[in-house]
Amino acid sequence: MASSSSSSSEGEGRRAWVPLASRPEFAGVTPLPQDDGPSPVVAIAYRDDFRETMDYFRSLYSSRELSPRSLLLTSLAISVNPANYTVWHFRRQVLEALGADLTEELEFTEGVAKRNAKNYQLWHHRRWVAEKLGPDAASRELEFTRKIFCLDAKNYHAWSHRQWVLQALGGWEDELDYCAQLLKEDVFNHSAWNQRYFVITKSPSLGGLNAMRDSEVDYAIEAIHANPENESPWRYLRGLYNDENEAWLNDSRVHSACLHVLKAKRNFKFALSTLLDLLGLGFKPNQEIKDAITSLRTSDSGEAGSDSDLANSVCSILGREDPMRANYWTWRSSKLPQAAEV
Amino acid sequence: MGELAGDKHVKYILSVEKKKDNLLGKLDTVDSDEVVSWILQCQHESGGFGGNIGHDPHLLYTLSAVQVLALFDKLDVLDINKVTNYIRALQNEDGSFSGHIWGEVDTRFSYCAICCLAILKRLDSINVEKAVRYIVSCKTLDGGFGCTPGAESHAGQIFCCVGALAITGSLHHIDKDLLGWWLCERQVKSGGLNGRPEKLSDVCYSWWVLSSLIMIDRVHWIDKEKLIKFILDCQDTENGGISDRPDDAVDIFHTYFGVAGLSLLEYPGLKATDPAYALPVDVVNRIFFGRCST
């Protein structure tokens with residue numbers, strides 16, 4: 001009789017409201033009004049459909065009726081307030097009591113997601129359903145989050161769910177390719193970069209960060225060349241080296257990439273700040289890099305002779321290019337190691 | 001630049017009958033007995049609080065209830081043991097916290113639990129070491145924190161993690177320079193702050209980002225004047241209230257965070273706010289240095 005399909009609840013808000021009191025499926029239910037006490041502090045002006053739905057919900061909830069009409073009522077209650085976690089929890093109790101088909105429940109959540117894909121309760125519920133369905137649900141969950149990402153590729157809840165699916169249910173095989181696809185669509189998508197890092201560090205089939213580092217450095221640098229103003233691949237590149245400062249210093253691809261950006265004289269903020277990091281770790285720049293930095297200076301005061309002068313130059317260029325963070329770049333220059341006497 | 005239309009905001013807040021207006025120094029416009037009585041009606045037999053009467057208890061609302069009671073200096077109405085027991089039961093084996101008994105895990109709940117228990121002076125009732133270890137496991141490649149291990153850095157989650165680490169005396173786990181830089185990079189051309197790279201600025205990040213920067217002692221890395229201007233531009237100076245960005249509709253959430261952000265920026269006429277507890281400094285002082293609770 002009552003189904004958990006999305007169509008009835010989704011349509012409710014748009015069709016004319018039929019009072020529950022005149023619906024045969026709710027015959028015999030005595031609505032239970034909200035008790036705000038004699039002088040309510042937060043007297044909210046509820047809409048009629050909201051008030052009636054919640055009065056009926058309260059009734060079935062307090063009598064613990066775990067029936068098909070209770071399931072329908074939770075659909076209605078969710079459509080008027082999808083954030084009511086008590087309703088969602090009751091719905092789970094009803095689903096269990098009825099031995100309901102949970103694949104239909106997935107459709108219900110997809111209907112809710114269409115109206116608000118950033119609702120915490122929805123995602124928690126979806127996880128509960130997927131967990132019950134087990135590893136067979138993996139591909140459907142990945143497909144579901146993929147659909148969400150088509151509308152909002154940075155939906156934080158969806159990424160969290162997707163990470164949980166991969167770790168709990170599997171499906172890693174195509175994940176790196178999926179990240180590449182998303183980054184092709186929007187190379188500024190930081191969530192996709194984060195997911196890429198997640199995959200290369202946690203996928204059971206790729207060998208881990210050390211095995212993947214080399215190819216990933218090339219991948220990041222390619223993105224940097226295309227858009228040097230993109231914060232993400234710079235952070236990703238740094239993250240590939242984690243705490244391995246020696247390896248970071250000695251990978252010539254890194255400072256070559258910085259040099260390449262500096263020579264173009266545009267969008268060089270992250271290139272410069274990366275060089276600053278390297279200089280701080282003892283990097284000895286070649287003449288080409290020194291010249292590239294010098295050519296970005298606007299004043300001729302002081303020669304970029306020693307490395308500490310060079311690093312100070314970098315800081316003052318950055319302070320000029322990124323005045324909003326002038327205090328940060330000033331602080332960076334105060335932290336520079338003192339140069340040895342030349 | 002414009003000014004803070006404080007009186008208009010008070011009027012707006014009272015029009016939606018919300019309680020968090022202490023920063024404007026107008027707490028006495030609300031009847032504290034009524035509020036306290038209503039809050040207690042939201043308490044469940046488990047000791048936790050729901051969002052409204054008859055709602056199941058949840059860590060989020062338990063923290064809110066305790067914070068509001070602290071604002072009104074009415075913490076003594078609580079059975080501290082009961083609330084403590086509710087919270088400690090939500091700590092999981094790995095140190096994380098669930099938001100409610102049905103298991104949703106998120107570093108937001110670590111913050112709620114730790115902040116709440118600290119206000120109640122019962123932090124020792126949970127396994128703090130494990131709680132800290134879990135939070136640290138949520139650190140990301142750019143020095144920030146996500147909702148669970150592996151999740152992307154997000155300014156809201158960062159506030160929760162940094163706040164929890166601050167309250168438990170564990171800020172040494174943070175690379176403050178790296179995180180400070182990530183946080184100050186949230187400031188965009190308009191002077192507003194976003195929550196993640198390449199996202200839109202939003203007034204609420206004036207709280208999440210700013211409080212985090214203050215806790216790690218790096219707030220001077222953003223351009224304060226530009227941020228103040230951004231927040232003031234988000235005001236509705238006719239009818240009161242603050243919105244997420246200029247010219248959008250106002251709501252109580254952004255009104256709170258806009259005012260709180262201005263307080264952190266030491267805007268004149270506002271009370272000082274504690275960045276970890278999200279309460280006025282005088283309230284925090286009263287909790288920890290005032291008369292002892294029974």
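**Close-up views of a predicted two-chain model**

View 1. B:H100 has its place in the loop between α4 (80–88) and α5 (107–119) of chain B, where helices (H or I, at least four residues) and strands (E, at least two) are DSSP runs, numbered from the N terminus. The model is predicted, and for this reason local features need pLDDT of at least 70 and side-chain atom pairs count only at pLDDT 80 or more, whereas totals for chains, interfaces and linings use all residues. Residues are numbered from 1 along each chain as its sequence is written, chains are lettered from A and ligands numbered from 1 in the order in which they are written, and side-chain values use heavy atoms, with hydrogens and water left out. With a relative accessibility of 3%, B:H100 counts as buried; the term buried means under 20% relative accessible area, exposed means over 50%, and partly exposed is in between (1.4 Å probe, protein chains only). Not counting residues up to four places away in sequence, B:H100 touches A:H124 of the partner chain as well as B:P57, B:H58, B:Y86 and B:L90, a contact being heavy atoms within 4.5 Å.

**View 2. A:T86 beside chain B.** A:T86 is found in helix α4 (residues 85–98) of chain A, and at 2% relative accessibility this threonine counts as buried. When residues up to four places away in sequence are not counted, A:T86 touches A:F57 and A:Y61 in chain A, and B:H55 and B:D56 in chain B.

**View 3. The interface of chain B and chain A.** At this interface, 50 residues of chain B are in contact with 39 residues of chain A. Between them the chains bury about 4,200 Å², 53% of it on carbon and sulfur atoms, where buried area is the accessible area (1.4 Å probe) that two parts lose on being put together, summed over both. The rule finds 3 salt bridges across the interface, a salt bridge being a side-chain nitrogen of Lys or Arg within 4 Å of a carboxyl oxygen of Asp or Glu. A:E231 forms a salt bridge with B:R186, and their closest N and O atoms are 2.7 Å apart. On the side of chain B that touches chain A, α2 (32–41) and α8 (176–184) of chain B each supply at least two residues, and α8(B) gives the most, with 4 residues.

**View 4. Helix α12 of chain A and its cover.** Helix α12 (residues 231–241) of chain A is mostly covered, since 10 of its 11 residues are buried. Among these buried residues are A:E231, A:W234, A:R235 and A:Y241. The buried residues of α12(A) pack against α10 (190–202), α11 (208–226), α13 (245–250), α14 (252–264) and α15 (269–280) of chain A, together with α8 of chain B. At the start of α12(A), a side-chain oxygen of A:N230 reaches to within 3.2 Å of the backbone nitrogen of A:S232, while the helix is followed by A:N242, whose phi is positive, near 50°.

**View 5. B:T140 in its loop.** B:T140 lies in the loop between α6 (128–137) and α7 (155–167) of chain B, and is buried, with a relative accessible area of 13%. Leaving aside neighbours within four places in sequence, B:T140 is in contact with B:F145, B:G146, B:A151, B:E152 and B:S153. The side chains of B:T140 and B:D142 are joined by a polar contact of 2.6 Å; such a contact is a pair of N or O atoms within 3.5 Å, of which, within protein, one must be able to donate a hydrogen and the other to accept it, and residues adjacent in sequence count only if both atoms are side-chain atoms.

**View 6. Salt bridges within the chains.** Over all chains, the structure holds 37 salt bridges. In one of them, the side chains of B:E93 and B:K130 meet at 2.8 Å, N to O. B:E93 lies in the loop between α4 and α5 of chain B and B:K130 in helix α6 of chain B, so the pair ties together parts that are 37 residues apart in sequence. B:E93 is exposed, with a relative accessible area of 65%, whereas B:K130 is partly exposed at 24%. In chain A, a network of salt bridges links A:E110, A:R126, A:R140, A:E141 and A:K147.
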